[in-house]
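Have the model open as you read.

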Amino acid sequence: MLKRIQNIRRRRLDWKFPRCLSYIPSIPLLLCVQRWSACRTVHRFDVLTFLLPVISDFACFACLLLFLYHWIPYFLAKHIRRFTKLELDNGLIKMASSPAVSVPIIDTHVHLYPQSEVESHQWYAEDNPLAKQHSIQEYQTATGAPGNLQGYVAIEVDRKNDNAKDWTYPLQEIAWLRRIVTGQPKPGEGHTADDGRDCLGIVPWAPVVLGSAELEKYLAAAEKEAGPETWAKVKGFRYLLQDKPNGTALSDDFIEGLKLLGRKKFVFDLGVDQHKRGRIQLEEAVEMIDRAHEGVDEEDKVVFILNHLCKPDLTIVNVQTDPSYIAWRTAMFTLSKCDRTYMKLSGCFSEMPEFLRARPAEEILSAILPWLAVVIAAFGPERIMFGSDWPVCTLGLGDEAWKKWRRVVEMTCHMAGLGPEAQTRLWAETAREAYKLDSRPVYKVVDLTRSDE
């Protein structure tokens, strides 16, 4: 597609017959032949008299079609104003500042926590930039509160749990989210009584590794802590595997825990890290999904939502031969074969070089396009959902991170040629389907290239 655009800009064609336009000068010659034939045979009729004009007319018409096929696309690309414009500049993608369509957005990966509970996280350190309050007010500032942002899914933030034995802090996180949902903020927590409506779903932590019996006990405690209104928004659970010993996801207890979630109609958010842990995490994820679905009725199979493209190494330059990229690409197509797996388009800033994060969105897209293209080809917009990974995405970027990642995803949709319906799936409707989110007013897709009469 990029080559075709370059060739249009250079007034050249990218055809299998690159010299096809050389036939255009033959049009006058063919017309002369036709005229000569008509004059020469004006007083007699034979096969030659009939066929020669027909053949020459057909050849003229074919040449005219070839000519129009070249110049109409060039004219459209050059002279008709389009709301979204794509150009190439030294191999980099440059686009206008707004998408061609306005679609509803559901942010499927947001982490929220108050200042008073920062020290309860596994990753806490005084010098960590994330070790401060990240609540609704901060999130609204980061997003700019666009009118088509319908809401978010709150994801657990890895509270301390003593290897899944101590549930104090994970339950404290549920109590915190309950205050948001029910509109009962404590002073200084950064949210108001009206902010709960934007929380469309919650994915808390759960000790899946302990097996189905212990998991049942935790679910009962979590439901009691949440209360009916908040528990209705709990759509699934997460137990991070990215920092756990190899083989954790393949233990019998873990598999039984996943099957329990499936029977209870909860999804499982899968967090693995190929960048830091290698291909073993991807291989175990494939086997884990197979075992979790083995011997289970279709309606009871747990749905897996893969976080952050499974964290590939976005520092790779030569993707054609790099074994890490090839292993990741193979795993993506393997994982996508299961129709109960979804992918979040999120978390890429953390896996790319620091200097690249600071570059414009167009350059970021050019750099990570090999990974984005594989995900779209493997899962399609029907099983891809937008996620910001806020506030983790702000590391090294600040408050511009959310808007920059949105811009990258907008351009990705454009490059993939996704129409309004496909974009609506990626930005919102896939999340509704996977998480079974409560219905809210759906924005009508508006084509901004059209003007009302």
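What share of the contacts in the chain with a separation of 6 or more comes from residues 24 or more positions apart? It's 77%, where a contact means heavy atoms within 4.5 Å.

## What you're looking at

This is a predicted model, so local features need pLDDT of at least 70 and side-chain atom pairs count only at pLDDT 80 or more, while totals for chains, interfaces and linings use all residues. Residues are numbered from 1 along each chain as its sequence is written, and side-chain values use heavy atoms, with hydrogens and water left out.

The chain has 453 residues, and 50% of them count as buried. Buried means under 20% relative accessible area, exposed means over 50%, and partly exposed is in between (1.4 Å probe, protein chains only).

## Around strand β5

Start with β5, residues 149–155. Seven of its seven residues are buried, so the rest of the structure largely encloses this strand. On one side, β4 (residues 105–110) runs parallel to β5 and is joined to it by four bridges; two strands pair if DSSP finds at least two bridges between them. Ile 106 has Gly 151 of β5 as its bridge partner. To get from β4 to β5, the chain passes through helix α4 (residues 136–143) in a right-handed β-α-β crossover. Right-handed here means that, with the strands pointing away from the viewer, the path from the first strand over the helix to the second runs clockwise.

β5 also pairs with β6 (residues 199–203), again in the parallel sense and over four bridges. Ala 154 sits opposite Ile 202 of β6. The link from β5 to β6 goes through helix α5 (residues 168–182), and this β-α-β crossover is right-handed.

## Around strand β10

Next up is β10, residues 341–345, where five of five residues are buried. Thr 341, Met 343 and Leu 345 point one way, Tyr 342 and Lys 344 point the other way, and all are buried.

Strand β9 (residues 304–306) runs parallel to β10, with three bridges joining them, and Leu 306 is partnered with Met 343. The chain gets from β9 to β10 by way of helix α10 (residues 323–336), in a right-handed β-α-β crossover. β10 is also joined to β11 (residues 384–386) by three bridges, and these two run parallel. There, Lys 344 has Met 385 as its bridge partner.

## Salt bridges

How many salt bridges does the structure hold? There are 21, each defined as a side-chain nitrogen of Lys or Arg within 4 Å of a carboxyl oxygen of Asp or Glu. One of them pairs Arg 179 with Glu 117 at 3.4 Å, N to O. Arg 179 is in helix α5 and Glu 117 is in the loop between β4 and α4, 62 residues apart. Both are buried.

Another joins Arg 291 to Asp 252 at 2.9 Å, N to O. Arg 291 is in helix α9 (residues 279–293) and Asp 252 is in helix α7 (residues 252–263), so this pair ties together parts 39 residues apart in sequence. Arg 291 is partly exposed at 25% relative accessibility, and Asp 252 is exposed at 56%. Then there's Glu 410 with Arg 407, at 3.1 Å, N to O. These two are three residues apart in helix α13 (residues 401–415), about one helical turn. Glu 410 is buried at 11% relative accessibility, and Arg 407 is buried at 12%. Elsewhere, salt bridges with shared partners join Glu 117, Arg 159, Glu 173, Arg 179 and Glu 189 into one network.

## A look at Gln 281

Gln 281 belongs to helix α9 and is buried, with a relative accessible area of 6%. A polar atom of the Gln 281 side chain lies 2.7 Å from the backbone nitrogen of Asp 273. Leaving aside neighbours within four places in sequence, Gln 281 contacts Leu 241, Gln 242, Lys 244, Val 272 and Asp 273.

Technical notes. Polar contact = N/O pair within 3.5 Å; in protein donor to acceptor, adjacent residues only side chain to side chain.
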